[in-house]
Amino acid sequence: MPGKLLRASLTSAVICFFLSPLIADESIESLIGSYAKRADLSERTKRESDGYLMVFTRQDLDRMQIRSLREIIEKTPFIRYNESRLGLSASFYAPYQPDPPAGMRVYINDRILYTPFFGNALKLFGQLDMGYIDHVEVYYGLPSQTLGIDGAVIVIKMYTKDPERENTSLAGLVAGSYGSSELYGYTTSKDEEGSELFYIDYKNMHRKESRYKSSTLSKDRESTNFYSQIERGRHRFEVQAIGGRLDTFLGYSPHLDPLDPHLSFRYLFGGWGYKNRETGVESFLHLTRNSSSHYDASKTMLGIYQSTQGAIPFSSSRLKIVQHHAEAQLKKSFASDGAESSLGVQAKTGRFSLEEVYLDGKPYDMPSRFNRQTALSLFAQGSYLIDESRIVVGSIKGDRYLMDDDMRDYSLLSGRLGYIYNGGRWLSKSFIFYGSFAPEAKSLFENRYLYRRSGDPDAERSLIVSTKITYRERKHETSLLAARYIKNDALHFDGTGYGNFEDDIVIDCILFEHIYSLPGAGRFKLDVWTNLQQPHNSLPNRNTYGAIADYSRSLGRFDLHTALVYTYGPGLKPGWDLEGALTYRPSHRVSLFVKGSNILGRALKSDYYGIDPVTGEVTRVNGIDVIERRLWTGVEYQF
Amino acid sequence: MDRSGVSVLKSAALLLFLLTLSLAGSPDSIKAKIIGKVATSLLDVSVAFIYTDDPAYEKIFEEEENLIETKSCSDADMVLSSRLEEYRSICPPTSQRLYFATSYDDYLKNRDAAVGAFFWQKGRPNLILNEKRLKELKIRLPSEFDNYIE
């Protein structure tokens, strides 16, 4: 019993440690707004010590009428939302370069969105619907492994809707520019035995087409998403099934003259989770199967392959890949005088197989014995409340990655130390992080079997030192964050395969943030940020600047949100994305909304290029919209 | 550390918990303020006597100066429950004893008697005030409640 009392006391102390008065006035509208916000933030405050956090609460997502994760990413400091040449979400996309191993990780509840071959599954989930998501937490600066032990510079945690707070069944219909449409519905229930959530969505997303060399460049996509969650006591079961088809924009065409490249995919997930708050034991098992079939074709040449007759060009390909992923974790938490800690072990294994490879309609035997990777991780973390105004936190993790075939195995180590001070109006957080990260299987595979390299790249290592100071006074909160990010042995493509940069990459990051709280849980928020990347490896400095002004509030039966996102990067025309959403609830059962994105038509655009594998000739297409000028309108009805 | 040291630390942690909780304005304390404001406005009194059997409202009114929680529904100005039908025979609704639901389903079942409801739905707290019942009871509310009457 004393243990429980202490745990409750410590948890509450940590929660309250970060709370500041939010109640601006005592009108009923303001009280209800404050109650909604405080109830939403109660989970957030538990996690403040895990890193630098930005939360999109349930109310925020409603007001913003968020339709997909990419809209969240666009509002995240230090990165820009971008898409690959296949039209897939890829915030760190650079032509021909691999995804940074520590770039971004996305979770739904405890599940990492991951595929064994391609790594980060943001590519799949970035543009999918989010109607089953309750709130989103965005952590930057390699946060604590309490969020998930696969760390990254940006960690996005999405949490599914809470049946107790939803307590409804509803259906919604959305229509938008270019003939887009979406139909969705969900039902929730809760009783003494447990709770359930069932959700389904059909989305037919038409996007602005471009034309180049008489080829149509399309990023249209169609998907169906089913998600269910059943909780019984300490157990939670989840099932998700997603299927869809998408046009893959430029495909891999080196001359940027694709012929209807497209991809079909199916994603199946089943998960079990267990949490016992009294004993501090948590566990989960996640199983995922992902299959995708990609057809690619080019008017001229798509690529070349080596045969006994030498290099032979081909103009179309069909590739089917099936990936299985399983991960299991066991964690035990402890609480003692002034301290909380946990120890855990996680195992995961991924298998991938190229089931069909056709070049110009003929089967091609891909010579690979590499089709599995397994990782075992041990981790420990802790926090210690020195007194009512100071906390220290620390964590350490070791991973052993085992690759089959004769691929190299990786031993990885990461750790983090932090100090947090809360002096009432003044709050400061400082963290130092070190970690090493293995390349994704795709890079290792291509290095060995496509580029015929005998060696594998080294693990990439990251060191981040950061501090953030916040001043709060009733309705105002002002913060300044500064960080230095040093990457050693950064993974890159050098034209003949994947290797490591010799020089370190040093990036200085600065973020200024001001939040002004408005009645009815509204707010005005301004973020101004910059990434200053120093010259390295004969590459010039690369500085990126951004600003986000965001206003949202509720007024009676109306919700209002508007945001202006500014981004400037080297070699790009500065982008301004003005968006706005207005929601009206004429009755308790019905709500209507209208939303516009890229209203000015001046959001940041992307440039792409292809390289002829024989002549080295470069073909470019510039000024492609990543965030289209778009209007949505929709209705929701509660039964 | 000896037992006395552990005891001091436990006391300190508990004190910290109580101190920070009272300063913070927890969701429960705001919920209590909302119920207090609604109850006193409906009853046109400065202090209302309230009875509840809903575990979600257990002990949250202790710090709310406009509300006094009663142990029996018969002593209450307002019955706050998600099972209002159970009180119809023992504490029937009158103009001196208002029914207020804490679930939408219960509100719909007892719409003839409930003057309103406060509940979570679609991820947000909802306040509904029953226009028909307000008219029957000749209750006039301040204009700040207009958006919640339906």
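1. A nonpolar core is a set of buried Ala, Val, Leu, Ile, Met, Phe, Trp, Tyr and Cys residues joined through side-chain atoms within 4.5 Å. The model here is predicted. Its largest nonpolar core has 74 residues. Those with the most contacts inside this core are Leu69(A), Phe125(A), Val136(A), Val138(A), Tyr140(A), Ile156(A) and Met158(A). In soluble globular proteins, nonpolar side chains tend to be buried together.

2. A second core is separate and has 34 residues. Val38(B), Leu127(B), Phe145(B) and Tyr148(B) are among them.

3. Next, helix H7 of chain A. H7 spans residues 441-450 and is mostly covered, with 9 of its 10 residues buried. The buried residues include Lys442(A), Glu446(A) and Arg448(A), as well as Leu444(A) and Phe445(A).

4. What do the buried residues of H7(A) pack against? They pack against strands S20 (339-359), S22 (372-387), S23 (390-403) and S24 (410-422) of chain A. Strands S28 (491-493) and S29 (498-500) of chain A are packed against too. Arg452(A) follows H7(A), and its phi is positive, near 55°.

5. Over to chain B. Arg133(B) lies in helix H4, residues 131-136. Is Arg133(B) buried or exposed? Arg133(B) counts as buried because its relative accessibility is 11%, and buried means under 20%. Not counting residues up to four places away in sequence, Arg133(B) touches Pro93(B), Asp112(B), Ala113(B), Ala114(B) and Val115(B).

Methods: Residues numbered from 1 in each chain as written. Chains lettered and ligands numbered in written order. Predicted model: local features only at pLDDT ≥ 70, side-chain atom pairs only at ≥ 80, totals over all residues. Heavy atoms only, no water. Buried < 20%, exposed > 50% of the residue type's maximum accessible area, 1.4 Å probe, protein only. Helix = DSSP H or I, 4+ residues; strand = E, 2+ residues; numbered from the N terminus. Contact = heavy atoms within 4.5 Å.
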